[in-house]
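Subject: Structure handover and notes

Dear colleague,

I am passing on the structure that we discussed, and my notes on it follow below. Please read them with the model open beside you.

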Amino acid sequence: MNELDIIRFIQGIRNPFLDTLMELLTELGDQLVFIAIALVIYWFFNKRVAFKLVFVFISSAIINELLKGIIARNRPYVEDPSLGVGTLTHGYSFPSGHAQNTGVITTVLYQNYSKKSNWLKWVLLAALIIVPFTRMYLGQHYLTDVLAGLALGIVIALGVSKIVDMMDDKEHLFGLLITIPLVVIVFIVSTFRQSYDELKNLFVAVGGLTGFFVGYAVDKLYIKYNDLPKGIKILYRALIGALIVGVFYLGLSFLFDMIAVDNLYLDFVRYLFVGFGGSAISMFAFKKLKV
């Protein structure tokens, strides 16, 4: 049985309900879910853990994009169009970005919060199984894609987490320093003859990283608001933070689409503001509003 046959076997259980369910569950490994998790940790729990998660996630995303470009493996639905289910993701197949993202997020959350919450272990285990399965069910990835993605995500999370721990109290400076060569590299890469779909995730990742790390440094050095909300203030903070991030994410998307559709540089700027808004601007608003 080859890998296409494995996907055909999995899709033997297909029906309209499962198609919709799998499209929803696969989003657990999407970048938007990562952003939400990182912001929740940053606003309500521990800023340094959020910093670590972002550092690890972006490192993983960059490695994933580089490997995809080098290996250039077509997705299963490209080889057999009948295997495509729902909205089809563009770009290359190996390794699976969704599986790798899941490996990263679950590893960092397990390291930092599993001892405080028994139920979290089961949720993370479920995510490690469900997201890779959905990628195969939808015809987006082969078995080896998702297995490699999971393994890479876990290994990168373990390794980069140790590097962040070695930064001690100067993590904000390392964050600022790492953004400089990354920004230079992605803009150099943009001069190569590659499609928008092949480079989008790289620009989004580095843009978000730059905004968050600059905002993290501004927050740590100047805003210095570390109060954790209690009671109704938790809801107020969630609504205010979501509003700020939403304005940048949706507002700039609407504005930039009027300027140019599918533009890498505008994607970079939009996610830069999302990262900065979710860190510095949000914490500044929380401090002023005392929530």
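I begin with Glu 171, which touches Arg 48, Phe 51, Tyr 216 and Lys 220 when residues up to four places away in sequence are not counted; a contact here means heavy atoms within 4.5 Å. Glu 171 belongs to helix H9, which covers residues 171-189, where helices (H or I, at least four residues) and strands (E, at least two) are DSSP runs numbered from the N terminus. With a relative accessibility of 2%, Glu 171 counts as buried, the classes being buried for under 20% relative accessible area, exposed for over 50% and partly exposed in between, with a 1.4 Å probe and protein chains only.

Before going further, please keep in mind that this is a predicted model, in which local features need pLDDT of at least 70 and side-chain atom pairs count only at pLDDT 80 or more, whereas totals for chains, interfaces and linings use all residues. Residues are numbered from 1 along each chain as its sequence is written, and side-chain values use heavy atoms, with hydrogens and water left out.

Domains and annotations

The domain assignment divides the protein into domain 1 (1-167) and domain 2 (168-290), with bounds that come from an automatic or database domain assignment. The centres of the two domains, taken over C-alpha atoms, are 21 Å apart, and 24 residues of domain 1 are in contact with 37 residues of domain 2.

In an unreviewed entry, UniProt places the feature "domain: Phosphatidic acid phosphatase type 2/haloperoxidase" at residues 49-161; such positions are given in the numbering used here, feature names are shortened, and annotations may be inferred rather than shown by experiment. In the model, that span is 73% helix and 0% strand, and its end C-alpha atoms lie 10 Å apart.

The unreviewed UniProt entry also places the feature "transmembrane region" at several spans, including residues 119-136 and 268-286. Residues 119-136 are 100% helix and 0% strand, with 27 Å between the end C-alpha atoms, and residues 268-286 are likewise 100% helix and 0% strand, with end C-alpha atoms 26 Å apart.

Helices H3 and H4

Two packed helices are described by the angle between their axes and the distance between the axes. For helix H3 (residues 31-44) and helix H4 (residues 47-71), the axes come within 7 Å and cross at roughly 160 degrees; axes are lines fitted to C-alpha atoms, for helices over the stretch in contact, and angles run from 0 to 180 degrees between N-to-C directions. H3 and H4 are therefore roughly antiparallel to each other, given that angles under 35 degrees count as roughly parallel, over 145 as roughly antiparallel, 65 to 115 as roughly perpendicular and the rest as oblique.

Leaving aside neighbours within four places in sequence, Leu 39 is in contact with Val 245 and Gly 278.

Asp 19 and Val 85

Asp 19, in helix H2 (residues 16-25), is buried with a relative accessible area of 13%, and beyond four places in sequence Asp 19 touches Arg 14, Val 85, Tyr 137 and Leu 138. Val 85 lies in the loop between H5 and H6 and counts as buried at 2% relative accessibility. The contacts of Val 85, apart from neighbours within four places in sequence, include Gln 11, Asp 19 and Gln 140, while the C-alpha atoms of Val 85 and Gly 139, 54 residues apart along the chain, are separated by 6.3 Å.

Backbone details

A cis peptide bond, with omega about -5 degrees, joins Phe 94 and Pro 95, and Pro 95 has its place in the loop between helix H5 (76-79) and helix H6 (97-113). Lys 224, although not a glycine, has a positive phi of about 55 degrees; Lys 224 sits in the loop between helix H10 (196-223) and helix H11 (232-259) and counts as exposed at 54% relative accessibility. Asp 262, not a glycine either, has a positive phi of about 55 degrees and is found in the loop between H11 and helix H12 (264-289).
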